[in-house]
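Subject: Handover of a structure

Dear colleague,

Please find below the structure that I am handing over to you. My notes on what was found in it follow directly after it.

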Amino acid sequence: MVKIETAKLILRDYRETDLDEMHRLWSDKKTMYYLDDILTTSIEESDKYLKIGMENADGHYFCICEKTVERFIGSIGYTITDTTPLGKIVHMGYMLLPEYHGRGYMTEATKKVIEFAFTKDDCIRITTGCHKENEASRKVIEKAGFRKEAEKIKAVFHDGVMKDRLEYAINKN
């Protein structure tokens, strides 16, 4: 079982007891606005994602907890997109309950997951991205040290229109 501590957070493997808070996050339309493809509409759907997160079969997924209470406040992790003789290439994603936005938690968690991926999980490259208009996510990505590699113009259909998407990556070393 993985448990990583930062100054303000604990990042740990998922537990069955995380289901209610995870469902609150994953089913919240406002929070999941830019992640509508994984928005859940029932506790059963959220439970399916929780079980995938607990298995860590195709990547590594972490529950984000405030250090003081160690209760679920968000999710962060990565999915393996390719395996090479040099190591894994993964794609990172994250989300946080709205009452915890603006506290620097996601940047802190992202930096720690990058460190874990490169030092403990044989990853050599991490990609991520966001809609160009998603300023909060863009700030997290850039503060965590990712470098912008592409700006795709009107590349993603979202909320009834085509939108621009930014693609980022960070390489080991």
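This is a predicted model: local features need pLDDT of at least 70, side-chain atom pairs count only at pLDDT 80 or more; totals for chains, interfaces and linings use all residues.

Helix α1 covers residues 19-26 and helix α2 covers residues 43-55; their axes come within 9 Å and cross at roughly 110°. Angles of 65 to 115 degrees count as roughly perpendicular, and therefore α1 is roughly perpendicular to α2.

The next topic is the aromatic rings. A pair of aromatic rings is described by the distance of the centres and the angle of the planes. The model has four aromatic pairs. One of them is formed by Phe 62 and Phe 116: the ring centres are 5.3 Å apart and the planes stand at 90°, so this pair is edge-to-face. The cut-off behind that reasoning is an angle over 60 degrees.

Glu 149 is located in strand β7, which spans residues 147-158. Its relative accessible area is 49%, so Glu 149 is partly exposed; a residue would have to be over 50% to count as exposed. When neighbours within four places in sequence are left aside, Glu 149 is in contact with Arg 125, Glu 167, Tyr 168 and Ala 169. With Arg 125 there is a polar contact of 2.6 Å, made between the two side chains. As for Thr 40, which is 109 residues from Glu 149 along the chain, the C-alpha atoms of the two are separated by 30 Å.

Lys 163 is part of strand β8 (residues 161-171). Is Lys 163 buried or exposed? Its relative accessibility is 8%, and Lys 163 therefore counts as buried, the limit being under 20%. The side chain of Lys 163 makes a polar contact of 3.1 Å with the side chain of Tyr 33, and another of 2.9 Å with the side chain of His 158. Leaving aside neighbours within four places in sequence, the residues in contact with Lys 163 are Tyr 33, His 131, Glu 133, Lys 152, Lys 154, Ala 155, Val 156 and His 158.

Finally, I turn to the backbone. Most residues other than glycine have a negative phi. Which positive value does phi take in Asn 56? The angle is near 50°, in a residue other than glycine. Asn 56 sits in the loop between α2 and β3, and with a relative accessibility of 17% it counts as buried. Asn 173 is not a glycine either, yet its phi is positive, at about 70°. This residue, Asn 173, lies in the segment after β8, and because its relative accessibility is 95%, Asn 173 counts as exposed.

I would be grateful if you would read these notes alongside the structure.

Yours sincerely,
A colleague

Note on methods. Residues are numbered from 1 along each chain as its sequence is written. Side-chain values use heavy atoms; hydrogens and water are left out. Rings of Phe, Tyr and Trp (its six-membered ring) pair if their centres lie within 6.5 Å; planes under 30 degrees apart count as stacked, over 60 as edge-to-face and the rest as tilted. Axes are lines fitted to C-alpha atoms, for helices over the stretch in contact, and angles run from 0 to 180 degrees between N-to-C directions. Helices (H or I, at least four residues) and strands (E, at least two) are DSSP runs, numbered from the N terminus. Angles under 35 degrees count as roughly parallel, over 145 as roughly antiparallel, 65 to 115 as roughly perpendicular and the rest as oblique. Buried means under 20% relative accessible area, exposed over 50%, partly exposed in between (1.4 Å probe, protein chains only). Contact means heavy atoms within 4.5 Å. A polar contact is a pair of N or O atoms within 3.5 Å; within protein, one must be able to donate a hydrogen and the other to accept it, and residues adjacent in sequence count only if both atoms are side-chain atoms.
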